[in-house]
Amino acid sequence: MKELPNIHNQTTLQPKKQPSFGAENLSRIKYIVAVSSGKGGVGKSTVSVNLAISLTKLGYKVGLMDADVYGPSVPKMLGGTNPPQEKNGKLMPIEKYGIFYMSMALLTNDDSPVIWRGPMATKLIQHFLMQVEWGELDFLLIDLPPGTGDVQLTLTQGAPLTGAVIVTTPQEVAVSVTMRGIRMFDEVNVPILGIIENMSGFVCPHCNEITDIFKKGGGKKTSEQWGFPFLGEIPLDPKLAYAGDEGKPMILEASDEQVSKIAYQNIAKNLVEQVQKVEVLTKRNQQIPTKIDFENGYVTAEWPDQIQSRIDPRRLRYYCECAMCVDENSGERKIKEDEISPDVHPLGFRQVGRYGVQISWSDGHNTGIYTFERLRDLGEMLV
Ligand code: ADP
């Protein structure tokens, strides 16, 4: 039986309030996306920078907040270290290659031991959220420090995040720490927009052919297993590393045939698709149940307008909309009603963003997400 990463074992769910002290300053940004990884060195900053550039190539106005306070590398990757200017009491982000960025490395310019930076890190992030003049943007990507510490917490609570992207490498160990990161976002109901597998295979600089030197597919496997979108994989490409060191992102230089450039372009498109999906779903699902439970043989929900509803679990299981249960092209239901066990029941629930719930079923199925709207539609109202 596969367990969901953040299953509510008490089988109740209490939607939390939308956080964010930075909401006002960030109000003119359409999508705020955290780029996260379980551990360091998986290429999170490289992904943030190249993804930001790829999004500008699609015509979007993009900002990049380097919140990796323990190893801020964005300015180096973008080849700029001029200190930012102040205007009307706000800090102006630096514009480079069409993106607007801010980083601690621009402010401190020191080599003080990382441990000293700890106490100031949270303050600095608050500053980035509230006092940087981000202006009007389509996307703000936030390059988080690896793992799940105070800075990540400040950010997930302080920024009205559209969602999070998780960067991982193919090795199994990276995949397991990825789960911890996912749990962190779940805690504050930030949806996972997708997983990116970096360093997935090696691109030969001579013939452009890919060789799988590590075990491949960990990110994709994790996505499929838990029902998260898979945004794509980026191969190990020496050009990516050189470009990062030279301060000119690979995307700007590479030919259109370059495998890693194509990978980034696809990932950028997939990300756009995901943020738009989350936006639509969040708008459509304004009614968030205050409680979802499994009691007396029914899945029950309590709604903010005092209405209670209940659904036969078999019916709910049958109406699962995931790719395993419904053919994506024809819309035909692949699962047959009589194949569903008569005593199928939920083992737990996991809230997905602010629009739905993922259910872990007793028959081992757990990739389906039910929007709140759907849950209400399928339910029988109790008065
Ligand atoms: P993180 O932000 O996760 O600590 P970085 O983005 O700083 O990781 O990347 C770590 C190192 O790996 C850098 O030297 C970077 O140039 C290199 N790198 C990242 N992704 C790739 C890739 N796909 N191919 C080759 N080198 C990469």
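## Around the ligand

A backbone N or O atom of V42 sits 3.1 Å from an oxygen atom of the ligand, a polar contact in the sense of a pair of N or O atoms within 3.5 Å (within protein, one must be able to donate a hydrogen and the other to accept it, and residues adjacent in sequence count only if both atoms are side-chain atoms). At P235, a polar backbone atom lies 2.9 Å from a nitrogen atom of the ligand.

In total, 16 residues surround the ligand, the closest being G41, K44, S45, T46 and D237; a residue is counted if one of its heavy atoms lies within 4 Å. Please keep in mind that this is a predicted model, in which local features need pLDDT of at least 70 and side-chain atom pairs count only at pLDDT 80 or more, while totals for chains, interfaces and linings use all residues. Residues are numbered from 1 along each chain as its sequence is written, and side-chain values use heavy atoms, with hydrogens and water left out.

## A salt bridge at K44

K44 returns here through its side chain, which forms a salt bridge with D68, with the closest N and O atoms 3.2 Å apart. The term stands for a side-chain nitrogen of Lys or Arg within 4 Å of a carboxyl oxygen of Asp or Glu. This pair links distant parts of the chain, 24 residues apart: K44 belongs to helix α1 (residues 44-57), and D68 to the loop between β2 (62-66) and α2 (74-78). Helices (H or I, at least four residues) and strands (E, at least two) are DSSP runs, numbered from the N terminus. The structure holds 15 salt bridges.

The chain is divided into domain 1 (29-284) and domain 2 (291-382), with bounds from an automatic or database domain assignment. Their C-alpha centres are 33 Å apart. The contact (heavy atoms within 4.5 Å) takes 15 residues from domain 1 and eleven residues from domain 2.

Together the domains bury about 1100 Å², 46% of it on carbon and sulfur atoms; this is the accessible area (1.4 Å probe) that two parts lose on being put together, summed over both. On the side of domain 1, N189, L281 and R284 lose the most area to domain 2, together 39% of what that side buries.

Two salt bridges are counted between the domains. The side chains of D186 and R350 meet in a salt bridge at 2.5 Å, N to O.
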